[in-house]
Amino acid sequence: MSDNNKCPLCNRELAEPMVRHHLIPPSKGGKDTPTVVMHKICQAKVHAVFTETELKNYYHTVDRIREHEDIIKFIKWVSKKELEFFDTTIKKK
Ligand SMILES: [Zn+2]
């Protein structure tokens, strides 16, 4: 039950700012598909590493996203930040 309060990407407790992430991007037909709530920074990182086409074609599960080398590095890095931390310099791919 308490897993509902954790970010599926970094596995830290959820805190604002957080966002609802579509596992398949709404722009790629994923409007009515499952979503997960994650930190805003975690979603920003996902969209910095993967294009929407890559998300739709392969990285449409959190397990697959978490296997990527850049995400593994990010999880290590963000684990030392405050839960509310957001970095506006992360740019969408
Ligand atoms: Zn997170």
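This is a predicted model: local features need pLDDT of at least 70, side-chain atom pairs count only at pLDDT 80 or more; totals for chains, interfaces and linings use all residues.
**The whole protein.** Colour it by secondary structure to show four helices and two strands, which follow the order β-β-α-α-α-α along the sequence. The radius of gyration is 12 Å, close to the 12 Å that the globule rule gives for 93 residues, so the protein is as compact as a globular protein of that length. Along the principal axes, the C-alpha trace spans about 35 × 30 × 25 Å. Of the contacts between residues at least 6 apart in sequence, 60% join residues at least 24 apart. Buried residues account for 23% of the 93 residues.

**The largest nonpolar core.** Next, select Cys7, Leu9, Cys10, Cys42 and Ile65; among the 15 residues of this core, they touch the most other members. Two elements, helix H1 (40–49) and helix H4 (69–78), each give two or more residues to the core. The greatest contribution is that of H1, with four residues.

**Helix H1.** Now select residues 40–49 to display H1. Its buried residues are Ile41, Cys42, Gln43, Ala44, Lys45 and Val46.

**Leu9.** Finally, centre the view on Leu9, one of the core residues selected above. Which residues is Leu9 in contact with, leaving aside its neighbours within four places in sequence? They are Met38, Cys42, Val62, Ile65 and Arg66.

Technical notes. Residues are numbered from 1 along each chain as its sequence is written. A nonpolar core is a set of buried Ala, Val, Leu, Ile, Met, Phe, Trp, Tyr and Cys residues joined through C-beta atoms within 7 Å. A residue is buried if 20 or more other C-beta atoms lie within 10 Å of its own, exposed if 12 or fewer, and partly exposed in between; C-beta atoms are placed from the backbone. Two residues are in contact if their C-beta atoms, placed from the backbone, lie within 7 Å. The radius of gyration is taken over C-alpha atoms; the globule rule is 2.2 Å times the number of residues to the power 0.38.
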